[in-house]
Amino acid sequence: MSQAKLGDTVRVHYTGKLNDGSVFDTSFDGEPIEYKIGEGRLIAGFEQAVIGMEPGETKIAVISADDAYGQYREEMVIEVERNQLPSHLKLEIGQTLQSVQQDGQLIRFLVTDLNEETVTLDANHPLAGEVLTFDIQLVEIV
């Protein structure tokens, strides 16, 4: 039987969990995801875990923050004056805002604190700094 390798298009089912066992994402309640290994659409640790698997095989992969969404970086947390944000925004803690940079890159910010004068925005990925565990099933090599 063939094994998944760099450049293969594969279909996989997965369940992603945090260290406390809570599930943050799964494909088992729908269709498997399809992607080309090495294309960079998925986190590096996940892609590496699929390499060498055979169709029908399952695996548990523990992926470090460095091979997932990176370490949490304090420098990606900023405090801005409220008057720098559009006045029509009804801001709440936990809300996600988006900004398009001059180079066209989209950046998402999580509102983590606010008061009458300032808003604290966090641009870290929500899973930054987390060790992730994936239950992976290679459905097929396309």
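This is a predicted model: local features need pLDDT of at least 70, side-chain atom pairs count only at pLDDT 80 or more; totals for chains, interfaces and linings use all residues.

Q: What makes β7 and β8 paired strands?
A: Pairing requires at least two bridges between the strands. Strand β7 (residues 106-114) and strand β8 (residues 118-122) share four bridges in the antiparallel sense, and therefore they count as paired. In one of the pairings, Val111 has Leu121 of β8 as its bridge partner.

Q: Why are β5 and β6 called edge strands?
A: The open sheet consists of four strands in the order β5-β8-β7-β6, with antiparallel pairing. Strands β5 (77-81) and β6 (96-100) each pair on one side only. Neighbouring strands of this sheet are turned against each other by 40° on average, direction ignored.

Q: What makes a set of residues a nonpolar core, and which residues have the most contacts inside the largest one?
A: Such a core joins buried residues of kinds such as Val, Ile and Phe through side-chain atoms within 4.5 Å. The largest nonpolar core has 19 residues, and Val10, Val12, Phe46, Val50, Phe134 and Ile136 have the most contacts inside it. Because buried means under 20% relative accessible area, each member of the core falls under that limit.

Q: Which elements supply at least two residues of this core?
A: They are β1 (9-17), α1 (44-50), β4 (58-63) and β9 (132-141). Strand β9 gives the most, with four residues.

Q: Which residues does Phe46 touch, not counting residues up to four places away in sequence?
A: Phe46 touches Val12, Tyr14, Tyr35, Ile63, Phe134 and Ile136.

Conventions. Residues are numbered from 1 along each chain as its sequence is written. Side-chain values use heavy atoms; hydrogens and water are left out. Axes are lines fitted to C-alpha atoms, for helices over the stretch in contact, and angles run from 0 to 180 degrees between N-to-C directions. Buried means under 20% relative accessible area, exposed over 50%, partly exposed in between (1.4 Å probe, protein chains only). Contact means heavy atoms within 4.5 Å.
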